[in-house]
Structures are given as structure tokens and as C-alpha cells.
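Here is a friendly walk through one protein model, from a single side chain out to the whole fold. Please keep the structure open as you read.

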Amino acid sequence: TAFRNSAGACCFLACFLENLQCISRIVISDIIDYPFQIIFSNSRPLNLIVCDHLILSLREKDVIVSFNWDPFLVQAARRCQKFAKPPICLFLHGNVTIGYCVKHEKITLGLRGQSCRQCGKPLTDSKLLYPVAKKDYNADPLIKSLWKTVKEELSDCFLLTIFGYGAPDTDVEAIKLMKEA
């Protein structure tokens, strides 16, 4: 968060400390659900965004690998699918818009809050991997499957383009994945 002056920063810090005192009353599920609430409270852009241009510039056999939780890439793929089949999108740290069903041979993907197209059961929300020192990429079946898929795709890719990824120290597996590609 950027502040124009020190008064704004002090106000933010005071509010943060006040809220921190209440943290013990927050239920853990509220903490886990917070990123979903924040991201979905922002309205979707009305015009094309960079994600739309990215989706439209790629083919259905191309792959986008994202470490972002935000809904913009998924929303862009849905908007653009009326013009062309979108590329494969893999969210290696989870995504706030994705839901999945593991009741079938291949994991079924859909949107959060919807039902599985195959069995009609409610989709399980994608887990989010937080920026911590040790991430467990095998605990969630979807994330485990996406990591397996990206390894397969990288072993067979002709061209790899990386943009907007700073490779923080906490993403040991992601750095390893790119070095092996």
C-alpha cells in the first residue's frame, strides 16, 4: 500500500493495530476466506484488460502458468471464449475463482460455487497457497495435479516466456521448476 504522506501511514498503522487486538476473535475460516472476499469485492473491469489481450494472443494448445490468486485471468478467459478457445490456465498457488471435483478419473474444473458438470455435486473451492517458507504442494489434490501438469508441459514446450514473476525466496519449488525447464 502506498501513502501520499506520513499522516495516511500513521492512520493506517493505528487502524491495523486496533484490528490486530481483535484478531483473537476471528474464526480461522474467516482468515482463510479473507482473500476471496477482498478480491471479489472489487468490480470487474468493463473494458479489455491485459489478461484479455494475453488470452486472445494465445492458442488453445498454449499454457499460461500463474502464481496469482486473482480472478482476472479466469474472467478474461471466460469473456474471450466466445471469440476463440482459450489457452490452458494453470494456477499453481490456487485461485479464488476456481472450484474442482475429484470424484472422477480426471479432476473436473469449474467456477467456485458451481456444481460439477459430471456428477452434479458442489465443487470444492481451490485452496490458496500463502507466501510462507514451506508450501505443501501435495496437500491439495488440485494443486498437486496442476504442478504435475505444468511439469509435463514444460518438458515438452518449445518456447517459455516469463513475465511479472519475481521468484521470491519462499517459492523454492517454482524456482526449481523453472531451472529444470
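Leaving aside residues up to four places away in sequence, Leu73 touches Cys51, Leu54, Ile55, Ile64, Ser66, Cys89 and Phe91. Contact here means heavy atoms within 4.5 Å.

Before going further, a word on the ground rules. This is a predicted model, in which local features need pLDDT of at least 70, side-chain atom pairs count only at pLDDT 80 or more, and totals for chains, interfaces and linings use all residues. Residues are numbered from 1 along each chain as its sequence is written, and side-chain values use heavy atoms, with hydrogens and water left out.

## The core around it

Which residues touch the most other members of the largest nonpolar core? They are Ile55, Leu73, Leu92, Trp147 and Val150, in a core of 27 residues. The elements giving two or more residues to this core are α3 (50–57), α4 (72–80), β2 (88–91), β3, α5 (141–155) and α6 (172–180). Of these, α5 gives the most, with 6 residues.

A nonpolar core is a set of buried Ala, Val, Leu, Ile, Met, Phe, Trp, Tyr and Cys residues joined through side-chain atoms within 4.5 Å. Buried means under 20% relative accessible area, exposed over 50%, and partly exposed in between, using a 1.4 Å probe and protein chains only. In soluble globular proteins, nonpolar side chains tend to be buried together.

## Overall fold

The protein has 6 helices and 5 strands, running α-α-α-β-α-β-β-β-β-α-α from the N terminus. Both kinds of element are DSSP runs numbered from the N terminus: helices are H or I with at least four residues, strands E with at least two. Of the 181 residues, 30% count as buried. Among contacts between residues at least 6 apart in sequence, 63% join residues at least 24 apart.

Three strands form an open antiparallel sheet in the order β4-β3-β5. Its edge strands, each pairing on one side only, are β4 (108–111) and β5 (124–125). Strand β3 (residues 98–101) pairs with β4 over 4 bridges, and Ile98 stands opposite Leu111 in β4. Strands count as paired if DSSP finds at least two bridges between them.

## Cysteines

How many disulfides does the structure hold? There are 0, a disulfide being a pair of cysteine sulfur atoms within 2.5 Å. For Cys89, the nearest cysteine sulfur is that of Cys51, 9.0 Å away. For Cys101, the nearest is that of Cys119, at 3.8 Å. Cys101 is buried, with a relative accessible area of 5%.

## Glu173

Glu173 lies in helix α6 and counts as partly exposed at 31% relative accessibility. Beyond residues up to four places away in sequence, Glu173 touches Tyr137 and Trp147. Glu173 and Lys135 are 38 residues apart in sequence and 8.6 Å apart in space, C-alpha to C-alpha.

The mean pLDDT, the predictor's confidence in each residue from 0 to 100, is 78 for the protein, and 74% of its residues reach 70 or more. Confidence is highest in β3, at a mean of 95, and lowest in helix α1 (residues 6–21), at 47.

Over residues 1–11 the pLDDT stays under 50, and the model has 3 contacts beyond four places in sequence for them. Where pLDDT is low, the predicted coordinates should not be read in detail.
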